[in-house]
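Here is a short briefing to read beside the model. Keep the sequence and the 3D view open as you go.

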Amino acid sequence: MCGWKKTTIGEEITLQRGFDITRKEQKEGNIPVVSSGGIASYHNTAKVQGPGVVLGRKGVVGSVYWINEKYWPHDTTLWVKDFHGNHPRFVYYFFLFKSQMIAGMDVGAANPTLNRNHLHPIKIFWPPLSEQRAIAHILGTLDDKIELNRRMNQTLEEIAQAIFKSWFVDFEPVKAKQQAREAGKSAAEIERAAMATISGSAIGQLDEFPKEKYQKLAETAALFPDEFEESELGLIPKGWEVKQVKNLLNRLKASKRYTKKSVLAQGLIPVFEQGSDILLGFHNENPDIDSTPEQPRFIFGDHTCITHLSCRPFSISPNVIPLESKELNAYWVFHAI
């Protein structure tokens, strides 16, 4: 590796322990407070100017975070106080790819802990600044694309949840049909009322839709009744039924539970956790939960109530409950949960 040098982490990067602050001491603001688990809250005061790199020091040892803006590194972290002229984004990727090694440097007893004095002397090979820029640019471009896809997926997920609520919680298509029927509308007009509600359009706009889209809307609208009936939960669409959650699900078993120390930064099988990031890491062993687009499985966070549906095989961390649908469409059950 031409131009690379043998050095130590401490010669290239100076790490500093974060600053303690309690939730009670925090005031409303937009400054991220970064703990070992990521952005935990927001405050009105920053301790460090961004961009910055933060490592999990206590609790989630080995976690690595890139922060663009000014921030407050919590006492449970180490933050890069001095980049010594190195490219900050490259430093982030360096630690990210060393996260498993860092996690293995836990010096805590009951609670995992990382000591910066154990990191600084580690010998490493280090590229010149020009190569740092090139590496950071390539990986940064990929990360930006991943983030864009994540936001798109999040938007689609929010749309799906909004549709689910409209159809199966608020019963909007049924209400539209009932109102049209009670107003003395014809059978065709009753169906078009539901079609307009489902599509979010005015009834007059339906005739402007392409034939295939119109037909699909008509088929969907036909699935909803035009009146309600009493149930133990109150009014529900006529012909529908009330069931307990336990009758919709099977709880799956996992032969192994993975922790931050036992996963890889890259691999074949994703490992899901119950935190906001959901993805804990990867491994290259056999997956514990088989999942496909035709028969997807999903998880439920025992403490956080976070859910995530997967169309590919996966494994899990502690406090994650893997689930599958018993009989009904798995995607419907997932959104219902």
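A helix here is a DSSP run of H or I with at least four residues, and helices are numbered from the N terminus. Helix 7 is followed by glycine 200, whose phi is positive, near 70°. Keep in mind that this is a predicted model.

**Helix 7**
- Helix 7 covers residues 187-199, which makes 13 residues.
- At 1.5 Å a residue, helix 7 should span 18 Å. Its end C-alpha atoms are 19 Å apart, so the two values agree.
- Several residues of helix 7 are buried, among them Ile190, Arg192 and Met195. Ala193, Ala194, Ala196 and Ile198 are buried too.
- What do these buried residues pack against? Their partners are helix 5 (129-168), helix 6 (172-182) and helix 8 (211-221).

**Glutamate 11**
- Glutamate 11 sits in helix 1 (residues 9-12).
- Is glutamate 11 buried or exposed? Its relative accessible area is 53%. The cut-off for exposed is over 50%, so glutamate 11 counts as exposed.
- The side chain of glutamate 11 makes a polar contact with the side chain of threonine 7, at 3.5 Å.
- Glutamate 11 and histidine 120 are 109 residues apart in sequence. In space they are 7.5 Å apart, C-alpha to C-alpha.

**Cysteines**
- A disulfide is a covalent bond between the sulfur atoms of two cysteines.
- With a cut-off of 2.5 Å between cysteine sulfur atoms, the count comes to 0 disulfides.
- Cysteine 305 has a relative accessible area of 47%, so it is partly exposed.
- Cysteine 311 is at 34% relative accessibility and also counts as partly exposed.

Definitions and conventions. Residues numbered from 1 in each chain as written. Predicted model: local features only at pLDDT ≥ 70, side-chain atom pairs only at ≥ 80, totals over all residues. Heavy atoms only, no water. Helix = DSSP H or I, 4+ residues; strand = E, 2+ residues; numbered from the N terminus. Expected span 1.5 Å × (residues − 1). Buried < 20%, exposed > 50% of the residue type's maximum accessible area, 1.4 Å probe, protein only. Contact = heavy atoms within 4.5 Å. Polar contact = N/O pair within 3.5 Å; in protein donor to acceptor, adjacent residues only side chain to side chain.
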